[in-house]
Amino acid sequence: MPLPQIADILTTLDIEQTGDNTFVATQIDNAAHHIIGGHIAAQALMAASRTAAGRLPHSVHVYLLRAGDARHPVDMEVTNLRDGGALSTRRVIARQGDEVLLEALVSLSAPLDAVDYHQPIPDVPAPDTLPTVGELLRPYADEHQGFWVRPQWIERRYVDAPPRLAQDLPAPPERTRMWWRPIEPVVADLIVNSCLLTYVSGTTMLETAVTMRRATQISAFSALIDHALWFHRPADLSDWVLTDQVSPSGIHGRGLASATMYNRSGELACTATQEIYFGRDRRSDR
């Protein structure tokens, strides 16, 4: 089954409004028919944003309760919890039939003149100086039907070893830093921008957790169970974005991961944290 491209993602983010506060979200199917956590979280963020005209999301907190079936759409209901002078809060519940798949709280704000500061971008090599994923993982290109080098909707340049390469190192890297950018132009819409960061972080942050477990996305079962993001400034998706990821803890079958995203110009765009469920440790070949 082909991987989703940017057009597929943008199409499914354009959710259908069926009532004042209700929406239907089409999913992107895959071989396992599991709904991708970052994708449905991005759709929930879009649903909340559609009910708060003139305000932009600055944070989203998502609990993913069930995997769901990607062959079928998801119904989303938005509850207006608060509209203040500068902040609005929405609750989103996503269902398939009688089963709740996701619950989210979204906070949105109006622009304010205030102090603007952020921590500096890490000192890392420029993306143009780093090898492509195809070059970096060429020795593993024949594994799992080309899984490691398959084309994706984002182009990636790794500063630190990705999970498959890290397995062959004496010790895992402490961080997973990666430049990325969409391979095709993306519409300059601030809400879509936040939704795409939600989607990307929902998938890439898994890598730092599996790396610390000396595993890969293939060898380890995983399920995203909660995901939180804070949107500071728009990501410049016409250029490279740096994601700096770390997994500070793993315990009881769960792995915690956090990430900061920076524009190439140095602006801090987003902070994200997620917890992934791995279950019991198991031995698996690569």
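These legends go with several close-up views of a predicted model.

View 1. Twelve strands make up an open, antiparallel sheet here. Reading across, the order goes E1-E2-E4-E5-E6-E3-E9-E12-E11-E10-E8-E7.

**View 2. Where E3 meets E9.** Here strand E3 (residues 56-64) runs antiparallel to strand E9 (residues 223-231), and five bridges link the two. Look for valine 60, whose bridge partner in E9 is leucine 229. Serine 59 faces tryptophan 230 of E9.

**View 3. E9 and its pairing with E12.** E9 and E12 are also antiparallel, this time joined by eight bridges. Leucine 229 turns up again, with alanine 272 as its bridge partner in E12.

**View 4. Helix H2 across the strands.** Helix H2 (residues 37-49) lies across a run of strands: strand E2 (22-25), E3, strand E4 (74-83), strand E5 (87-96), strand E6 (99-109) and E9. Relative to E6, H2 runs at about 50°.

**View 5. Helix H5 packed on the sheet.** Helix H5 (residues 190-212) packs on the sheet and touches E3, E7, strand E8 (176-182), E9, strand E10 (241-251), strand E11 (254-263) and strand E12 (268-277). The direction of H5 makes about 130° with that of E9.

Definitions and conventions. Residues are numbered from 1 along each chain as its sequence is written. This is a predicted model: local features need pLDDT of at least 70, side-chain atom pairs count only at pLDDT 80 or more; totals for chains, interfaces and linings use all residues. Side-chain values use heavy atoms; hydrogens and water are left out. Two strands pair if DSSP finds at least two bridges between them. Helices (H or I, at least four residues) and strands (E, at least two) are DSSP runs, numbered from the N terminus. Contact means heavy atoms within 4.5 Å. Axes are lines fitted to C-alpha atoms, for helices over the stretch in contact, and angles run from 0 to 180 degrees between N-to-C directions.
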